[in-house]
Amino acid sequence: MSEMAEAIRQLIQEKGYSEDSVKTIIENALKAAYKRTYGTADNAIVKFNDDMSDVSIYSRKTVVDGVYDPVTEIELDDAKKLSSECEVGDEIDILEDPKLFDRSAVTTGKQTAHQELNESYKDTLYNEYKGKIGEMVVCYCQYERNGDIYVDLGNAGKLEGLLPVKYQSPREKYEKDDRIKALIVGLKRTSTGLQVILSRSDPELVRSIIEMEVPEIADGTIEINKIVRDAGHRTKIAVSSTREDVDPVGACVGLKGVRIQNVIRELLGEKIDILKYDPDPTVFIKNALSPAQVQRVVILDQAKRQALAVVEESQFSLAIGKQGQNVRLANKLCDWSIDVKTEEQAAEMDLSESATMQTAQNLFSDETGEPEYDEIKTVAELPGVDQRVAEILKTAGIEDIEQFIEAYGNGSLQKIEGLKKEEIDAVDAIIRDTVEFVEENDASGKETDSEPAAAPEQAVSEQNEEEVYHCPECGAVITLDMTHCPKCGVEFEFKEDEE
């Protein structure tokens, strides 16, 4: 039957059906027509030629001596006419002519075939597009209904594409036949077929677009660490490079900003911040708050991931962003709770109790939580110190902690250019809260000069057998020949008791 063979070929080659699914659909259609004619299809047998050029349906009947059910039984004499070797109890397949089926049976067969073809086609499309979820596609606007955009996916009308209003960017409007790049985010079965759900607000859409513009991302030289987005308004992208000689931010921006401008144009003017990822949270938070310039970042609580970003007054509104957008996206990007303050606001906060001590306790505790003493000598080694301040002090010849304490006591630190009083006081606060001066003995047992050592908040100094004097202001160990406390700088003098 050449017509049958041609129909099967079209279903397999042009429509994309598998050979097994086509055979199943034809078999079920013929059995449905058979059942409509004889009332049952339990004894219907469908057979295909090896080359799929023809198909036949048979009635499998039992040979009996006296027919009770003509649908499932055949007389022995009639069976011998078909095969002389038949005996009572044998089964014989008798060819049926579908043309003899009544019209209602033929209609039933056609409806069954049509329904199963549709279901099989849905399954084929579903399996095809299920693997495409997360991919970007190019489609064309067809019409709008209740805010939802229905699009043509360019697949000859195989299935429908839907861009729901909740997945649209608020600044975008479309007319018929407008070209749209969207991300496949889901599939939905409907009564009419399969629907592909698209999105223009998903952060991964930005990833797909920028990957097309920056070849270094495709070859693995640049990695996109994280993307956060307020669709239609601003996107922040953290990038890093696997090669030291490649600037990840510069590569994404492109020469004269060509690459990033193409991405912005595709997103219809949405602002995009490309920033460098850094494993150090203080550096990463600074970068994440761009375009604002951050003076310093203080870790308030490492466990709760709370941090304070200090900015100049002129940068405060930029760091916060319109309706808090910039700092909100920075929070999501870094996965930290970031509080932005000006320098004046930060000066009013007791940072020594929160950030400095938190950092000190983290640095000077072992795995069991027991305190350890680590000897430190320089300002740069102080926990939580602003490294910019430490570098300015070093340039001015004040590198050691003892040099800082002496200069702080005589007021010479305020004469150093580039340092503010608040920054100087912050370093002094760190020293007072996290450093203890410990007397050391040399090999002969003689006492040597005191060395500052980082200590926990509740550190307990060892008592010598001889009488020990303490500063009345901060409790540091002092000697009779001192005129200033080496820790807090307070001035004092010793007087002999009249008794």
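## Buried cysteines

Let's start with C252, which counts as buried because its relative accessibility is 1%. Buried here means under 20% relative accessible area, with exposed being over 50% and partly exposed in between, using a 1.4 Å probe and protein chains only. C141 is buried too, at 3% relative accessibility.

The structure holds zero disulfides, a disulfide being a pair of cysteine sulfur atoms within 2.5 Å. For C141, the nearest cysteine sulfur belongs to C139 and lies 8.7 Å away.

## About the model

This is a predicted model, in which local features need pLDDT of at least 70 and side-chain atom pairs count only at pLDDT 80 or more, while totals for chains, interfaces and linings use all residues. Residues are numbered from 1 along each chain as its sequence is written, and side-chain values use heavy atoms, leaving out hydrogens and water.

## The largest nonpolar core

The largest nonpolar core has 23 residues, and I285, L289, A309, L333, W336, I338 and V340 touch the most other members. Such a core is a set of buried Ala, Val, Leu, Ile, Met, Phe, Trp, Tyr and Cys residues joined through side-chain atoms within 4.5 Å. At least two residues each come from helix 9 (281-288), strand 13 (294-301), strand 14 (306-311), helix 11 (325-334) and strand 15 (337-342). Helix 11 gives the largest share, five residues. Helices (H or I, at least four residues) and strands (E, at least two) are DSSP runs, numbered from the N terminus.

What does L289 touch, not counting residues up to four places away in sequence? Its contacts (heavy atoms within 4.5 Å) are K236, V294, A309, A319, N326, V327, A330, I338 and V340.

Helix 5 (residues 203-213) and helix 8 (residues 258-266) have axes that come within 9 Å and cross at roughly 145°. Axes are lines fitted to C-alpha atoms, for helices over the stretch in contact, and angles run from 0 to 180 degrees between N-to-C directions.

On the helix 5 side, I209, I210 and E213 take part, meeting R259, N262, V263 and E266 of helix 8. By type, the residues of this contact are three nonpolar, one polar and three charged. Ala, Val, Leu, Ile, Met, Phe, Trp, Tyr, Cys and Pro count as nonpolar, Asp, Glu, Lys and Arg as charged, and the others, Gly among them, as polar.

## A leucine in a loop

L419 sits in the loop between helix 15 (401-410) and helix 16 (421-434). Is this residue buried or exposed? L419 counts as buried, because its relative accessibility is 11%.

Leaving aside neighbours within four places in sequence, L419 is in contact with V389, I392, L393 and I424. The C-alpha atoms of L419 and V389 are 7.0 Å apart, although 30 residues separate the two along the chain.
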